[in-house]
Amino acid sequence: MSQSLDAYLVLAGILFAIGSFGFLARRNAISMLMSIELMLNAVNLAIVAFGAFVPELNVDASVIALMVMAVAAAEATVGLAIVMAIYRNRRTPLVDEYDAMRQ
Amino acid sequence: MFESLVPSAAPWLAAVAAEPIAAGDVINLVPLLLLLPIAGFAFTALFGRRIGRFAFLVPLLLIVATWAIAMVVVYEALSGGFGEHGAGITLWTWIPAGAFQVEMGLYVDQLTACLLIVVTTIGMLVHLYSVGYMAHDPGRWRFFAYLNLFMFSMLLLVLGDSWLTVFAAWELVGLCSYLLIGFWYPKRSAALAAKKAFIVNRVGDVGFALGIMLIWVSTGTLDIRASFELIAKLDPTTIAAIALLVFCGAVGKSAQFPLHVWLPDAMEGPTPVSALIHAATMVNAGVYLVARANPIFALAPGVMVIVAAIGIFTAILAASIAFTQTDIKRVLAYSTLSQLGYMFAALGVGAFAAAIFHLMAHGFFKGLLFLGSGSVIHAVHEEQDMNNMGGLWRKIPVTHWTMFVGTLAIAGLPPLAGFFSKDEILGESFMFGFTWVWAIGLVVAVMTAFYMWRLMGKTFYGEPSAHVKGIWDKIHESTWTMTLPLVLLAIPSALIGMALGLPFGDSTLKRWLEPVFAGSEELLHPEKHPFELAGIDGALILVSVAAATLGLVVAIWLFGAFRRAGSRSRVESLTGSNGATRFLYRATLNKWWFDDLNHLLFIVIGGRVAGAIWWFDRTVVDGTVNGVGRLTVDAGRGLRRVQTGRVQNYALGIAIGLIVMAGSYLLIAAR
């Protein structure tokens, strides 16, 4: 285990950045969902790192991380259901093509 | 009794009802002079078309009634029944707006009486004449309606006691002139002539309106009599400005130079219209206006000189043009212009009573001449060119002899009317020191006699033209409705001079009108010369008669009389003899090119200016307004491209916004 908190936070930050880029730049809706998962996991890592290095937060951090995971799972499910519904309608998973609201 | 029926009735109505046999009763008849014609107009306008052939009956009878009432009012006014300075009657308050109060009131004095005589008599005779003249016209119900409306307007003008009332009637008279000149509106030239008359009138009316506004601003009242006393206290420049502006209106309405161009074109209207409006009544409105405003003019001698100058210049200009015109009505139109010039010259030199005398005499004999010409036109089947007439004097005797009387009257031969009135004008011009007016007036007298006899010679005497010979058997005298007015007008043309103009120097008319003009006469001509028949005044009379005789003799020599034919070759040799006469002939035939000048100035150049302004309005003004709209639309179209419909773009926007907000917060908080 590294002795400084910073390493874990930097890693969490990098993961979050990669996840953001993926969310903004990927065309496939499933890829976007995977990027969202990555972002949530990065946040989780940051929370748990705080829990490990700050004794008062030990219990709370674990609880928060668990909640985040549950919410992430639920949100991924819903997102996937929406993508599947749109796919059945539009026959394409590419978000570029979902432009009915375009002016 | 009437008060209960009409609780808010005009005061005069209540007065009539309350005291039917009170003193000053006659003044209550005056509003009838206005009510009857306007009722005739309303009735004929609403029901005339349905009545058809007898549409003339109601208007004619109402005008005869108006004439009768007018004669009663005139008698009362001239015999002193209204007092020395006339009487007024207020009908109701027209504009009650705080400081700006205008009453609708009527005022009758001796000057009004003289105008009433002319307006109602000639109006009545023209109505009678129109029954015959317009008998075959399907639109005659409209004609009689307009004639009644015109009578109403003219009477309102003459009777009104407030500048605003006179101005309203002024405009209304112009409107009637437009309606009547353009009566045969399908004819393009008639429609154009009507437009021209109205627009040229309007030019003068601008001056008149400005004058009225100046009166209001400087005196605070629009009542005519009240304004005179207040104007007398103003500074000379303002008085001169008021006089000049009021004269502008008279220039427009009475067709003086430079606004004379509408009158000859106005001959497009039916002949009764020419007789009534453009000879006897409407064009006299300008003369009446200046005469009524004589206290103002007397205080502005400089403006009087301008009035005289324009008057006498118009007289000689119009007389010169009448030398060469071939349309019988055009000759009479230019003759009217010339005689109106005489009247304004008389007003300008301060001979107000003489001007009114000439107004009355001219109304009668010019009305006679116009109606006679209408009868001639009817007889030769609508031919108006005098070169296509000739040899008619035996065929249409009544028309011929009445026009003969009219011609001698206008030429100024004693003892007919024109001699007295014209001589008074010329005599007074000379005696008041305006020798140039007298000299030019004398030349115009010669010219008048000449061109009038030229008209008679070409129309009635000598050999008939080819056109006349072709329809010789179909030429007949007009019906009694047309010849009776001719005879009835020939009588005053012959006798009114003696009735009103004698004794010399202190004529009946002068005594009647003395209270109206006394103040101005005192101001302008304080020294009075007694009339010397054996002295200078007698000499002036002889000179005038000699001038008229000279004109007549030359015309008889050139154009013939009765059986004696004129000599066309002599005429042509005279007009073609040298460059100067050829130029004069061409110049007068083209009306001294004033119409062309107006066309150049206002239609061509004015049209270009208007085109330029239109370009400015289209490009700059409309461009700016439309440009603002286009800018908005284009901006919207540009901004719309943010809405891509892609969620990722929106998310990117959110992310960027978040970074910007966080960054700025950190930066500012760090400070």
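Helices here are DSSP runs of H or I with at least four residues, strands are runs of E with at least two, and both are numbered from the N terminus. With that in place, Trp592(B) sits in the loop between helix H26 (579-589) and helix H27 (594-639) of chain B.

Before I go on, this is a predicted model, in which local features need pLDDT of at least 70 and side-chain atom pairs count only at pLDDT 80 or more, while totals for chains, interfaces and linings use all residues. Residues are numbered from 1 along each chain as its sequence is written, and chains are lettered from A and ligands numbered from 1 in the order in which they are written.

Trp592(B) is not a glycine, yet its phi is positive, at about 55 degrees.

His381(B) is exposed, because 12 other C-beta atoms lie within 10 Å.

Turning to the peptide bonds, the one joining Phe257(B) and Pro258(B) is cis, with omega about 0 degrees, and Pro258(B) belongs to the loop between helix H10 (236-253) and helix H11 (262-265) of chain B. The bond from Pro414(B) to Pro415(B) is cis as well, with omega near -5 degrees, and Pro415(B) is found in the loop between helix H18 (397-411) and helix H19 (417-431) of chain B.

Methods. Buried ≥ 20, exposed ≤ 12 C-beta atoms within 10 Å, placed from the backbone.
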